Amino acid sequence: QVQLVESGGGLVQAGGSLRLSCTASGRTISTYAMGWFRQAPGKEREFVASTWSGGNTFYADSVKGRFTSSRDNARNTVYLQMDSLKPEDTAVYYCAAYLGPMSVGIPKYWGQGTQVTVSS
């Protein structure tokens, strides 16, 4: 079992930045691909970014160039640096762990989510 806890959400003005953290416990995540997803009110959960165990990163087109996903395996933690935030980035952000080194299929483990609100 892997437990994931996100932190770092909050309220920020448009154009601002936030850094989300996701710390895992129960098992090392060094061999897992890790992902970030978000769900806005009234919308389906959507993919934001993923980082493979080997370091490859992938982003949704809507956040490419603004968000950066990274990982610190020594701390069993992944990060999502969010810059140039827009009101449409407002959502609950979830961290997730895949059962393998690549972000294939649906993640096995999910965090509880952290709220990000961007004011205009």
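The points below describe the fold, the surface and the disulfide of a predicted model.

1. Secondary structure. The protein chain contains 11 strands and zero helices.

2. Dimensions and contacts. The C-alpha trace spans about 40 × 25 × 25 Å along its principal axes. Among contacts with a separation of 6 or more, 57% are between residues 24 or more positions apart.

3. Burial and surface. Of the 120 residues in the protein chain, 44% are buried. The accessible surface of the chain is about 6000 Å², and carbon and sulfur atoms account for 51% of that area.

4. The disulfide. The model has one disulfide, formed between Cys22 and Cys95 with an S to S distance of 2.0 Å. This pair links distant parts of the chain: Cys22 belongs to strand 3 (residues 18–25) and Cys95 to strand 9 (residues 91–97), and the two cysteines are 73 residues apart.

5. Geometry and setting of the disulfide. The link of Cys22 and Cys95 is left-handed, with -75 degrees about the S-S bond. Are these two cysteines buried or exposed? Both Cys22 and Cys95 are buried.

Conventions:
Residues numbered from 1 in each chain as written. Predicted model: local features only at pLDDT ≥ 70, side-chain atom pairs only at ≥ 80, totals over all residues. Heavy atoms only, no water. Helix = DSSP H or I, 4+ residues; strand = E, 2+ residues; numbered from the N terminus. Buried < 20%, exposed > 50% of the residue type's maximum accessible area, 1.4 Å probe, protein only. Contact = heavy atoms within 4.5 Å. Areas by Shrake-Rupley, 256 points an atom, 1.4 Å probe, with all protein chains shown as cover. Disulfide = S-S within 2.5 Å.
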